[in-house]
Amino acid sequence: MRLADTLLRRGHLAESALLEALLAGNRPAHLDQCDLCAGRAAGLNRWLDDVSQTGLETADDIFTAERLAGQQAQVLRRLAQLDQPKRVIAFPAPRRGETNSQDGRRVAAGWVGVAAAAGLVLGLIGGQVTARLAGSSQSAADRAAVATSPPPATGTSFFDFDIENSSLRGTPAGVLDEMTPRAIDTIVSTRVGG
Amino acid sequence: MAIDVKALHAAGRTDEARERYAELVGRHQRRAARIAYHYLRDAADADEAVQDALVKAYTHIGTFREELPFEVWFTRILINGCLDRIKARRRRERWLAPTPVDAYGVERNPADYLPSRGQSPEERLLSAERRAQVMTALGKLPERQRMVFILSHFEGCTSREVSTMTGLNESTVRVHLFRAIRRLRVLLTHGAAADTSVQRRGTRAAR
């Protein structure tokens with residue numbers, strides 16, 4: 001018996017001592033001599049049983065037989081899926097040296113290369129021929145233009161452009177042009193003034 | 001029976017192995033559901049935890065050792081699964097608002113409102129209150145104490161079995177059990193106020 005029990009509880013066991021005795025399973029001699037402590041120990045035991053019973057009932061009310069049956073079925077379904085051989089969906093890989101044409105028929109890769117090379121050669125030749133033909137016609141036209149054009153006027157400049165000769169005359173743009181002071185006039189007036 | 005399942009599975013006779021395993025499932029399912037429910041305190045979570053543990057036990061049946069009872073081996077798988085779920089739940093709860101709880105601090109389960117047969121309304125009310133009190137008190141226990149208490153008192157496991165299932169020392173199991181009962185006693189007989197004073201005393205003692 002503990003000293004604290006002897007001094008403070010007049011020899012009666014503390015609850016923790018009762019609990020220790022209950023859990024360890026070794027019954028202290030005091031319990032055989034003291035009806036009060038024996039009653040307390042029995043009460044503690046009943047209380048523990050009650051708590052356990054309540055806990056079990058709470059869980060069993062939630063996990064009914066139907067719910068457990070459903071759970072078992074679900075587990076077995078998952079196990080059956082696990083045991084089935086894995087299904088691998090094969091990706092259709094193209095065979096070596098072949099490629100898919102648009103209509104779904106397979107065309108050998110070699111032929112695709114030949115076609116590309118032929119296209120390139122034809123394109124180069126065609127480009128050369130076109131350039132040559134265009135160059136000769138352009139030079140003839142240039143020669144003709146040089147022969148028919150008047151000799152360029154001396155002393156003309158950008159400012160000599162006159163609305164009198166342009167297609168703007170008589171149009172709203174032409175009217176606006178007449179109202180606008182000309183740069184050459186401004187320059188001349190500035191020089192004269194200065 | 002677990003040994004038979006293991007042998008059949010190893011021999012590639014999976015259909016037969018599954019049939020035998022179904023018997024094992026039926027035998028251990030209720031117990032597993034109780035443990036998971038009291039540990040996780042959520043019926044849907046417990047349901048999933050039990051299913052996962054049963055599937056995991058089957059897929060790892062090759063590692064099952066004959067010297068250990070299937071019950072102990074399976075419970076260990078279940079407890080580890082429950083622990084993982086609790087960790088995941090905590091991570092999730094950091095980002096979520098707290099779920100509404102009743103006056104006892106318990107998340108109400110729709111099953112609580114289902115009328116049970118054969119009881120008067122008063123009896124039902126008292127029974128529901130008592131259950132709510134017990135569940136709240138259990139919920140206030142630290143995880144290890146709760147697990148040790150559930151295994152010892154709900155499932156009737158010995159300290160040695162609990163030690164094997166949880167991976168704790170046998171003496172540690174006994175200490176956890178003692179503390180769990182002492183705290184439950186305070187919570188259920190004297191109320192929360194006494195529990196606070198016990199906690200304060202414990203904190204002072206720890207210092």
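Predicted model: local features only at pLDDT ≥ 70, side-chain atom pairs only at ≥ 80, totals over all residues.

1. Chain A has a mean pLDDT of 75, with 70% of its residues at 70 or more. Within chain A, confidence is highest in helix H5 (residues 65-83), at a mean of 87, and lowest in strand E1 (residues 98-100), at 55. Where pLDDT is low, the coordinates should not be read in detail.

2. On the contact between the chains, 26 residues of chain A meet 37 residues of chain B. Helices H2 (15-24), H4 (35-62) and H5 of chain A each supply at least two residues to that side of chain A, and H5(A) gives the most, with eleven residues. By type, this side of chain A divides into 14 nonpolar, eight polar and four charged residues.

3. In chain B, have a look at helix H2 (residues 14-40) and helix H4 (residues 70-93): their axes come within 10 Å and cross at roughly 35 degrees. The crossing of H2(B) and H4(B) is right-handed. Residues that meet here include Leu24(B), His28(B) and Ile35(B) from H2(B), and Phe70(B), Phe74(B) and Arg85(B) from H4(B). The residues of this contact comprise eleven nonpolar, two polar and two charged.

4. Helix H7 (residues 159-166) of chain B is also worth a look: its buried residues are Ser159(B), Val162(B), Ser163(B), Met165(B) and Thr166(B). Viewed down the axis of H7(B), these buried residues fall within an arc of 165 degrees, so they line one face of the helix. Just after H7(B), Gly167(B) adopts a positive phi of about 80 degrees.

Definitions and conventions:
Residues numbered from 1 in each chain as written. Chains lettered and ligands numbered in written order. pLDDT = per-residue confidence, 0-100. Helix = DSSP H or I, 4+ residues; strand = E, 2+ residues; numbered from the N terminus. Contact = placed C-beta atoms within 7 Å. Nonpolar A, V, L, I, M, F, W, Y, C, P; charged D, E, K, R; others polar. Buried ≥ 20, exposed ≤ 12 C-beta atoms within 10 Å, placed from the backbone. Arc of directions from axis to C-beta. Axes fitted to C-alpha atoms, helices over the stretch in contact; angles between N-to-C directions. Left-handed = near helix turned anticlockwise from the far one by under 90°.
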